[in-house]
Amino acid sequence: MAAVIVTSENFEAEVLKSGIPVVVDFWASWCGPCQMMGPVVEELSEELDGKVKFCKVNVDENPELAQNYDVMSIPNFKLFNKGILAGEKVGAVGKDGLLELIG
């Protein structure tokens, strides 16, 4: 399953109420490292389908979500488990970095 595009309107349903852990990729179209991480996020969303959900939040289109979750630099990956923020990685961390975040 491809990463789900998340906005303020569906963040609660897609992320906070998810029955499986969720990695949220806070990104922007102008961000080079974000573009580098895009294919990695898509690859892992396929590999871990049903175990971990991947969501993408465009910080330019959803600044309130970025502010609510203290996103100061991007790419910023936040792990939510049962609606609770459980971990974070900042920067182009690669596949291994995301797998480390997921545990």
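Visitor: How many bridges join strand 4 to strand 5, and in which sense do the two run?

Guide: Strand 4 and strand 5 (residues 84–90) are antiparallel, joined by 6 bridges. Two strands count as paired if DSSP finds at least two bridges between them. Helices (H or I, at least four residues) and strands (E, at least two) are DSSP runs, numbered from the N terminus.

Visitor: What should I know about the model itself before going on?

Guide: It's a predicted model, where local features need pLDDT of at least 70, side-chain atom pairs count only at pLDDT 80 or more, and totals for chains, interfaces and linings use all residues. Residues are numbered from 1 along each chain as its sequence is written, and side-chain values use heavy atoms, with hydrogens and water left out.

Visitor: Back to those two strands, then. Which residues stand opposite Ile-84 and Leu-85 of strand 5?

Guide: Asn-81 faces Ile-84, and Phe-80 faces Leu-85. Lys-82 counts as exposed, at 71% relative accessibility. The cut-offs are under 20% relative accessible area for buried, over 50% for exposed, and partly exposed in between (1.4 Å probe, protein chains only).

Visitor: Where else does a residue other than glycine have a positive phi?

Guide: At Asp-70, where phi is near 50°. Asp-70 is in the loop between helix 3 and strand 4 and counts as exposed, with 54% relative accessibility. Pro-75 belongs to the loop between helix 3 and strand 4 too, and the peptide bond into Pro-75 from Ile-74 is cis, with omega near 0°.

Visitor: What is the order of the strands in the sheet?

Guide: The sheet is open, with 5 strands in the order 1-3-2-4-5 and mixed pairing. Strand 1 (4–5) and strand 5 are the edges; each has a single partner strand, so one side of each has no neighbour in the sheet.

Visitor: And is strand 4 largely enclosed or open to the outside, and why?

Guide: Largely enclosed by the rest of the structure, because 5 of its 6 residues are buried. Strand 4 also pairs with strand 2, antiparallel over 5 bridges. Along that pairing, Val-23 has Leu-79 as its bridge partner, and Phe-26 is opposite Asn-76.

Visitor: What surrounds Val-23?

Guide: Val-23 sits in strand 2 and is buried, with a relative accessible area of 1%. Contact means heavy atoms within 4.5 Å. Setting aside neighbours within four places in sequence, the contacts of Val-23 include Phe-54, Cys-55, Phe-77, Leu-79, Leu-101 and Ile-102. Val-23 and Phe-80 are 57 residues apart in sequence, yet their C-alpha atoms are 6.4 Å apart in space.

Visitor: How do I read a pair of aromatic rings, and how many does the structure hold?

Guide: You describe such a pair by the distance of the centres and the angle of the planes. Rings of Phe, Tyr and Trp (its six-membered ring) pair if their centres lie within 6.5 Å; planes under 30 degrees apart are stacked, over 60 edge-to-face, and the rest tilted. The structure holds 3 aromatic pairs. In one of them, Phe-11 and Tyr-69 have ring centres 5.2 Å apart and planes at 35°, so the pair is tilted. That pair bridges distant parts of the chain, 58 residues apart: Phe-11 is in helix 1 (residues 11–16), Tyr-69 in the loop between helix 3 (63–68) and strand 4. Phe-11 is buried at 4% relative accessibility, and Tyr-69 counts as buried at 19%.

Visitor: What kind of pair do Phe-11 and Phe-80 make?

Guide: Edge-to-face, because the planes are at 85°, with the centres 5.8 Å apart. Here too distant parts of the chain are linked: Phe-11 in helix 1 and Phe-80 in strand 4 are 69 residues apart.

Visitor: Last stop, helix 2. Where is its kink?

Guide: At Gly-38, shortly before the proline Pro-39, with a bend of about 30°. The bend at a residue is the angle between axes fitted to the seven residues ending there and the seven starting there. Buried residues of helix 2 include Cys-34, Met-37, Gly-38 and Leu-44. Among the elements covering the buried residues of helix 2 are strand 2 (22–27), strand 3 (53–58), strand 4 (76–81) and helix 4 (94–102).
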